[in-house]
Amino acid sequence: MKTIYARPVVMEDKLTHYCSGCHHGISHRLVAEAIDELGIQGRTIGIAPIGCAVFIYDYFKLDFIVAPHGRAPATATGIKRVFPDRVVFTYQGDGDLASIGMAEIIHAANRGENLTTIFINNANYGMTGGQMAPTTLLGQHTTTSPYGRDVKREGHPFHIAELMSNFKGVVYSARVATYDPKTILASKKAVKKAFMNQLEGKGFSIVEFLSNCPTNWGMSVVESINFIKEKMVVEFPLGVYKGGEE
């Protein structure tokens, strides 16, 4: 009988700590599939800062380093420069990458560090109680914006994929989602492309995932998926912003 589904070799056989319906698990699997298919398990090092994904090292058969909040790009830069033959990636949330670590990600991108960044945008600080993040939508309610984000008080949401595409050191910047089979397949292609760029020594690559957070959003899983499709994609259009097919 032909096998059509199997756990990626690089993933551990265990339950995750994520809330029910959270899309972190899908993103993890896509990263694992790319690592398996590229045959780079033995030379890959992951960097996870503080956030919902801080325990990602529990789910992968890889070397991992936990970095201080926002400092994953700086940590990854040091590792890659010491071990240039390794494949190094960061896995970061929006509060981490776009707020606390904004300086680190901008400078790593601008320098063209030969790294891969997986960026999970769920429009809030998921781990610490659902506070407003730089990517929180206008009008979106969070624990620190109970009346909704107001452009006059908090400004507009940051568009990270577009921002990264402006730096000369960035070779690939894409925004993807994982709310149906079509978007999941596109996400896998983007993740694999980002890793391949590093293997080819091209420079910095980032893949932004629009993800859900049913718990902090106060929604059912279905409602949270619809929120991505009906609200987040309008504010953050999917696509490749730099380094697409010619």
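The legends below describe close-up views of one predicted model.

Residues are numbered from 1 along each chain as its sequence is written. Because the model is predicted, local features need pLDDT of at least 70 and side-chain atom pairs count only at pLDDT 80 or more, whereas totals for chains, interfaces and linings use all residues, and side-chain values use heavy atoms, with hydrogens and water left out.

**View A. The largest nonpolar core and the elements that supply it.**
The largest nonpolar core holds 31 residues, of which F60, F89, I118, F195 and V207 touch the most other members; such a core is a set of buried Ala, Val, Leu, Ile, Met, Phe, Trp, Tyr and Cys residues joined through side-chain atoms within 4.5 Å. At least two residues of this core come from each of α1 (24-38), β3 (87-93), β4 (116-121), β5 (170-177), α7 (181-199) and β6 (204-210), and α1 gives the most, with five residues. Helices (H or I, at least four residues) and strands (E, at least two) are DSSP runs, numbered from the N terminus. In soluble globular proteins, nonpolar side chains tend to be buried together.

Across the whole structure a search finds six aromatic pairs, where rings of Phe, Tyr and Trp (its six-membered ring) pair if their centres lie within 6.5 Å, and planes under 30 degrees apart count as stacked, over 60 as edge-to-face and the rest as tilted. F55 and Y57 form an edge-to-face pair, with 6.1 Å from centre to centre and 75 degrees between the planes. F60, F64, F89 and F195 form one aromatic cluster, and of these residues F60, F89 and F195 are also named among the core members that touch the most others.

**View C. A nonpolar patch on the surface.**
Together, I50, F55, Y57, V66 and M127 form a nonpolar surface patch with about 400 Å² of accessible area. Patches are made of residues with over 30% relative accessible area and no salt bridge, with like charges joined within 9 Å and nonpolar side chains (Val, Leu, Ile, Met, Phe, Trp, Tyr) within 5 Å; accessible areas come from the Shrake-Rupley method with a 1.4 Å probe, and for residues only the protein chains shown count as cover.

R29, E33, E37, K188 and K192 are linked in a network of salt bridges, each salt bridge being a side-chain nitrogen of Lys or Arg within 4 Å of a carboxyl oxygen of Asp or Glu. E33 bridges to R29, with the closest N and O atoms 2.7 Å apart; both residues lie in helix α1, four residues apart, about one turn of the helix, and both are buried. The side chain of K188 also meets that of E33 in a salt bridge of 3.3 Å, N to O, and this pair links distant parts of the chain, as K188 is in helix α7 and E33 in helix α1, 155 residues apart. K188 is partly exposed at 21% relative accessibility, whereas E33 is buried with a relative accessible area of 15%.

**View E. A salt bridge between a loop and the segment before α1.**
Among the 15 salt bridges found in the whole structure is that of D58 and K14, whose side chains meet at 4.0 Å, N to O. The pair joins distant parts of the chain, with D58 in the loop between β1 (44-48) and β2 and K14 in the segment before α1, 44 residues apart. Both partners are partly exposed, D58 with a relative accessible area of 33% and K14 at 42% relative accessibility.

**View F. Two cysteines without a disulfide.**
The count of disulfides comes to zero, a disulfide being a pair of cysteine sulfur atoms within 2.5 Å. The closest cysteine sulfur to that of C52 is in C213, at 6.1 Å, which is too far for a bond. C52 is partly exposed, with a relative accessible area of 24%, whereas C213 is buried at 9% relative accessibility.

Key: Buried means under 20% relative accessible area, exposed over 50%, partly exposed in between (1.4 Å probe, protein chains only).
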